[in-house]
Amino acid sequence: MIYEGFLFVIHMFLHTYCQLQVVAQCCFNIARWWRESKWNADVFLSHAKPLGKMPGHVSLMFLEDNVPIEDLVKPIVWCICLGVTTISLYDYYGKLRQQKLEIDAGLREYYSDFTRDCKKSPPGTGSGGKGVGQDPLHIKFVSVENGRTDLVHAARDIAKDLVSGVVTEITQVNFESYQKVFTGSHPELMIKFGTVNTLAGYPPWPVHLTEILSMPTCYLISPSHFLKTVQNYLTIEKRVGK
C-alpha cells in the first residue's frame with residue numbers, strides 16, 4: 001500500500017508538472033504574440049535580415065479546422081514580405097478554395113496594416129497574380145481532391161496518347177507535362193500547421209524534394225516564431241537530387 005501510494009504521488013507530481021509546463025508555454029506564447037502584435041514590415045524585415053535567401057515557392061498546410069481568416073493570412077503576408085512569389089495553400093477538404101474571396105480581402109487588409117508607415121515598401125500581394133504592391137504573387141489552392149483528380153487525369157491522358165501514338169514511352173520529363181495542378185515550380189519549403197505528423201493526402205510528387213517543417217498551430221502565431229521556423233529551413237542541407 002505504501003509503495004502504491006508513493007507511485008500515485010509521483011504520478012500526480014509529474015502530471016501536475018507537465019500541466020504547468022503547458023500552461024507556462026501558453027502564457028509565454030500569448031505574451032510573445034501580444035508583444036509582437038505591433039510589429040510592422042520594417043521591424044519584421046529587420047529581424048529577417050540574417051536569414052538569407054528565401055525559396056521562391058512555399059506551401060502552407062493547414063491541418064486545423066476553422067482557422068480564422070485573420071490568423072490564416074498572417075503567414076501568407078510574412079512569406080510575401082520575405083520575397084516568396086508562389087504560395088500553395090493546402091487543406092484536406094478544400095475549404096480554403098471556397099473562402100478565396102474572404103482570404104483575398106483578409107490578405108489586402110492585413111498587408112495594408114502590416115506595411116503602414118514603413119520606410120520601404122515590401123513586395124505586393126493579391127491572389128490573382130497581381131498584387132496591391134509592385135510584385136506579382138501567385139497563390140494556389142490545393143486539396144486532397146486535386147491530388148486524386150490530377151493523378152486520374154494524368155493516367156487517362158497518358159493511356160490515350162500511348163494508344164494514339166503521340167508518345168511511345170513515359171519518362172520523368174514528359175510525365176510532368178501531364179500534371180494539372182503543380183505546373184511550374186514545386187515548393188521548396190512546406191510549413192505544416194498542426195500537431196499531427198501527416199501529409200494529409202498532399203500530392204506526393206510535387207514534394208519529393210520539399211523540406212517539410214511543422215508549427216504546432218496557426219492560432220496566435222507570432223512573427224518571430226515564424227521566422228525561427230524559416231531559419232531552421234535555411235540551415236538544413238538541401239536534398240536537391242540526393
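**Aromatic pairs in a predicted model**

**View 1. Cluster of aromatic rings.** Phe44, Trp78, Tyr110, Phe114 and Phe226 are linked into a cluster by ring pairs. Rings of Phe, Tyr and Trp (its six-membered ring) pair if their centres lie within 6.5 Å; planes under 30 degrees apart count as stacked, over 60 as edge-to-face and the rest as tilted. By this rule there are 7 aromatic pairs. The model is predicted: local features need pLDDT of at least 70, side-chain atom pairs count only at pLDDT 80 or more, and totals for chains, interfaces and linings use all residues. Residues are numbered from 1 along each chain as its sequence is written, and side-chain values use heavy atoms, with hydrogens and water left out.

**View 2. The pair Trp78 and Phe226.** The rings of Trp78 and Phe226 form a tilted pair, 5.5 Å centre to centre with 55 degrees between the planes. Trp78 belongs to helix H3 (residues 69–81) and Phe226 to helix H8 (residues 223–234), so this pair ties together parts 148 residues apart in sequence. Helices (H or I, at least four residues) are DSSP runs, numbered from the N terminus. Trp78 and Phe226 are both buried (under 20% relative accessible area, with a 1.4 Å probe and protein chains only).

**View 3. The pair Tyr92 and Tyr93.** Tyr92 and Tyr93 form an edge-to-face pair, 4.9 Å centre to centre with 80 degrees between the planes. Tyr92 has a relative accessible area of 32% and is partly exposed, whereas Tyr93, at 61%, counts as exposed. Exposed means over 50%, and partly exposed lies between buried and exposed.

Notes
Helices (H or I, at least four residues) and strands (E, at least two) are DSSP runs, numbered from the N terminus.
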